[in-house]
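Here is a short report on one protein chain. Look through the sequence and the 3D structure first, then read on.

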Amino acid sequence: MAGVQARDWRPRYLQLAEELRAKITRGELAPGTLMPSETELADTSGLSRTSVRNAIRQLREWGLVRAEQGRGTYVRAPRQRVRRRNAERYQWEKDRVLLDETERLKTGAIEHDTGLTVDDLKFHAEYTRVEADEDMAAALRVDPGTPLLRRVYWTSSRHENAPLTMSYSYLPYDLVAANPDLLDAGKEPWPGGTQHQLHTLGVEVDRIDDVIRARPPSPDEAELLDIDPGVSVLTVRKTSIDTKGRVVEVADVVMPGDRTELVYSHKLQRWKT
């Protein structure tokens, strides 16, 4: 290792972290490789053990290495990334509603976002009946205490343990109860997703509003999503409004910030000349 440059404006631990990241990116430190010890890195970089420790912590926050208790720190294999193009995605989901079941079974939204196939994925769904709290009542434009169907979803690659995303979906219970199949988590994953489920009730989604935030993960989210300390989650509150102006679903989608991209493209009207 060439050593950290003393005149670089960046903190010295960050210089070391960047140098190690470059080695990982170039493949000089391959996935599964045991990282040099703190003592070795301190000797080769000329930094203190504290600075080295901070550099390793930075690599963990970037998702590049993983500490294993009693064994050391290892270079992490690249994580499956999710590239969510919401503007395109929602219209794609709506167009699929009118396809026959054979076509709808071929692929879903996660496959659309990752390039994986149905056979690459593991799907989890939990359904419960709950009462609307103040937040969800306001989001769904219903009274507090209104019965809701709460659905918790997560999907994982068969090659990784951590889910790619989590979603907490809420629908008015009285609306979905008109089709008993929509109350059964065993019917998931539903070919065509939520928009097709709503279609079975005669509901056409007219507009979807997204509100995007970044925040620290809850302890449960950090454990389930396998998020290292310092990594935030991105959240999308997705509100679906039908052609009658009703809010028919509110979903809070939670995505690990170190392996998620949100992509938006908007066509602008040209000036009249």
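## Asp 226 in its loop

Asp 226 sits in the loop between helix H10 (219-225) and S8. Helices (H or I, at least four residues) and strands (E, at least two) are DSSP runs, numbered from the N terminus. This is a predicted model, where local features need pLDDT of at least 70 and side-chain atom pairs count only at pLDDT 80 or more, while totals for chains, interfaces and linings use all residues. Residues are numbered from 1 along each chain as its sequence is written, and side-chain values use heavy atoms, with hydrogens and water left out.

Phi of Asp 226 is near 60°, a positive value in a residue other than glycine. Asp 226 counts as partly exposed, at 21% relative accessibility. The cut-offs use a 1.4 Å probe and protein chains only: buried is under 20% relative accessible area, exposed is over 50%, and partly exposed is in between.

The chain is divided into domain 1 (12-75) and domain 2 (82-263). These bounds come from an automatic or database domain assignment. The C-alpha centres of the two domains lie 37 Å apart. Five residues of domain 1 are in contact (heavy atoms within 4.5 Å) with six residues of domain 2.

How much area do domain 1 and domain 2 bury between them? The figure is about 440 Å², 36% of it on carbon and sulfur atoms. Buried area is the accessible area (1.4 Å probe) that two parts lose on being put together, summed over both. Arg 60, Glu 61 and Arg 66 supply 81% of the area that domain 1 buries against domain 2, more than any other three residues.

## The salt bridge

Across this interface the rule finds one salt bridge (a side-chain nitrogen of Lys or Arg within 4 Å of a carboxyl oxygen of Asp or Glu). The side chains of Arg 66 and Asp 226 meet in a salt bridge, at 2.9 Å from N to O. On the side of domain 1 that touches domain 2, helix H3 (49-61) and strand S1 (65-68) each supply at least two residues.

Asp 242 lies in strand S8 (residues 233-242). Asp 242 is buried, with a relative accessible area of 3%.

Arg 141 is in the loop between helix H7 (134-140) and strand S5 (147-157). Arg 141 is exposed, at 56% relative accessible area. Its phi is near 60°, again positive in a residue other than glycine.

The peptide bond from Glu 188 to Pro 189 is cis, with omega near -5°. Pro 189 is found in the loop between helix H8 (173-176) and helix H9 (193-199).
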